[in-house]
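Biologist: I would like to learn how to read the features of a model such as this one. Please give the general idea each time, then the case at hand.

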Amino acid sequence: MIERKLTKEQQVVVEVANYIGRNYIAPHAIEWDEKEVYDPTPIKAMAQADLFGLLIPKEYGGLGFGSTETALAMETLSKYCPGVATTFAAGCLGALPLLIGGTKAQKEKYLPLIAQGKALCAFALTEPQAGSDAAAIKTTAKKDGDHYILNGIKTWITNGGIADIYVIIALTDPKKGPRGASAFIVHKNDPGFVPGRKEKKMGLRSSVTSELILMDCRIPKDRLIGREGMGFILAVKALDLARPGVAAQAIGLAQGAMEVSLLHAKRRVQFGQPVYNFQAVSHTFAEMAARLEAARSLLYDVTRMIDSKAKNISGASAMVKFYATDMAMWVSERAVQMMGGLGYSRDSLAQKYMRDAKCLQIYEGTNEIQKNVLARELAKIYQHEEAA
Ligand code: COS
């Protein structure tokens with residue numbers, strides 16, 4: 001509705017994601033959700049279409065695009081199924097610590113595989129006692145000659161058990177708290193590494209979320225990303241870059257929810273006319289469209305800021321994450337209401353969007369944490385203004 005100019009390449013990204021969505025996702029979205037199954041078919045299609053290469057620099061076999069193109073792909077895929085898009089998004093998040101802090105040798109080894117979709121990634125920070133309080137992690141990594149030995153449990157890990165490469169945040173110096181955390185690459189077949197219990201989720205049910213168990217998991221020392229002590233910073237920097245992707249998912253989700261319920265409202269006849277003719281209904285759609293486009297404009301301002309290498313993106317990234325995901329929760333709940341009983345039926349996409357939206361307000365940092373991050377940035381800015 002709001003016209004936004006896309007480059008030729010960006011148009012291709014959207015067309016490809018729409019093609020995959022229409023042909024590989026839409027026909028199965030309800031079934032995968034109902035049966036709670038992960039089907040790799042659309043992920044393979046994304047790999048073939050080079051979508052996993054969007055963020056990877058050309059020198060490592062990727063397309064060398066940025067945050068904007070990645071968000072366009074996530075937004076478009078999410079319209080068809082936010083769960084499938086989550087598998088893709090978590091794969092991108094898992095690649096970020098390597099992109100930000102990996103050594104040349106690590107980048108040469110892993111990034112081409114990631115770009116070709118031959119190695120799906122996962123990012124493992126959360127633990128049973130460390131969710132919002134990410135600095136409270138307990139997983140340890142002890143140096144042992146040319147190896148590190150990892151011990152601990154990670155929870156709520158998207159792509160847990162289906163990913164090939166895991167970025168694990170663990171304490172190399174537990175006394176130092178977050179400054180003693182380091183990031184490691186663990187392969188799915190490493191000894192002492194096993195996926196644990198699969199979470200039974202309310203939404204995003206076509207994506208896998210599981211525990212990861214590390215029991216004396218021995219890995220070569222060159223799997224340390226960057227230096228010891230950099231793990232927490234790498235994790236928060238990766239999250240800063242990834243959170244606009246959650247906003248993109250929210251926007252695609254809200255677009256899908258609005259479309260499905262609006263088409264219904266125009267078809268559904270009550271009291272002798274389409275229910276869309278009643279202002280209580282049509283005004284709801286006007287409100288949905290306005291909130292959706294406002295969030296979309298904010299998102300692509302933030303991704304442009306990231307692509308132009310802005311120094312501090314934490315506040316902007318947190319802002320768009322909570323704004324867009326709260327919008328998606330509101331839009332998808334209204335979409336169910338606009339469809340009445342048909343929206344509430346598990347045969348309808350509307351209720352699925354609503355259940356999926358709830359998770360977006362929680363994962364990659366709850367919206368309450370996002371407000372902490374933004375409020376902290378605001379306090380810094382206004383302290384500076386006062387001083388001036
Ligand atoms: N970029 C760079 N550095 C950052 C940073 C960022 N975005 N956020 C924090 N840091 C630095 C701080 O500057 C501080 O460094 P020093 O020790 O040198 O002072 C260090 O990291 C610790 O930061 P802080 O004291 O703010 O840590 P908190 O324990 O308060 O945690 C965060 C703050 C933002 C990490 C936490 O609130 C958070 O994001 N929680 C959610 C975690 C999450 O998203 N989990 C989902 C996992 S993936 S699904």
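Modeller: Start with the element names: helices (H or I, at least four residues) and strands (E, at least two) are DSSP runs, numbered from the N terminus. This is a predicted model, in which local features need pLDDT of at least 70 and side-chain atom pairs count only at pLDDT 80 or more, while totals for chains, interfaces and linings use all residues. Residues are numbered from 1 along each chain as its sequence is written, and side-chain values use heavy atoms, with hydrogens and water left out. The chain has 11 helices and 10 strands.

Biologist: Where does N159 lie?

Modeller: N159 sits in the loop that runs between strand 3 (147-158) and strand 4 (165-171). Its phi is positive, about 75°, although N159 is not a glycine.

Biologist: Is N159 buried or exposed?

Modeller: Buried means under 20% relative accessible area, exposed over 50%, and partly exposed in between (1.4 Å probe, protein chains only). N159 has a relative accessible area of 0%, so it is buried.

Biologist: Which loop holds L204, and what is its phi?

Modeller: L204 is in the loop between strand 6 and strand 7. The phi of L204 is positive at about 50°, although this residue is not a glycine. With a relative accessible area of 2%, L204 is buried.

Biologist: What is S207 in contact with, leaving aside its neighbours within four places in sequence?

Modeller: Contact means heavy atoms within 4.5 Å. With those neighbours left aside, S207 touches G83, T86, T87 and K201. S207 is placed in the loop between strand 6 (193-198) and strand 7 (209-220). Its relative accessible area is 5%, and therefore S207 counts as buried.

Biologist: How should I read the domain annotations?

Modeller: UniProt positions are given in the numbering used here, feature names are shortened, and annotations may be inferred rather than shown by experiment. From an unreviewed entry, UniProt lists "domain: Acyl-CoA dehydrogenase/oxidase N-terminal" for residues 7-118. Over residues 7-118 the chain is 71% helix and 0% strand, with the end C-alpha atoms 28 Å apart. The UniProt annotation "domain: Acyl-CoA oxidase/dehydrogenase middle", also from an unreviewed entry, covers residues 122-217. Over residues 122-217 the figures are 0% helix and 51% strand, and the end C-alpha atoms are 17 Å apart.

Biologist: Which residues of helix 3 are buried, and what covers them?

Modeller: In helix 3 (residues 41-48), the buried residues include P42, I43, A45, M46 and A47. Their cover includes helix 1, helix 2 (29-35), helix 4 (67-80) and helix 5 (82-101). After helix 3 comes D50, with a positive phi near 70°.

Biologist: What is the relative accessible area of Y19?

Modeller: Y19, in helix 1 (residues 8-25), has a relative accessible area of 47%, so it is partly exposed. Y19 and K198 are 179 residues apart in sequence and 30 Å apart in space, C-alpha to C-alpha.

Biologist: What radius of gyration does the chain have?

Modeller: The radius of gyration is taken over C-alpha atoms, and the globule rule is 2.2 Å times the number of residues to the power 0.38. For 388 residues a compact globule would have a value near 21 Å; the chain has 21 Å, which agrees. The C-alpha trace spans about 80 × 55 × 40 Å along its principal axes. Buried residues make up 53% of the 388 residues. Of contacts between residues at least 6 apart in sequence, 74% join residues at least 24 apart.
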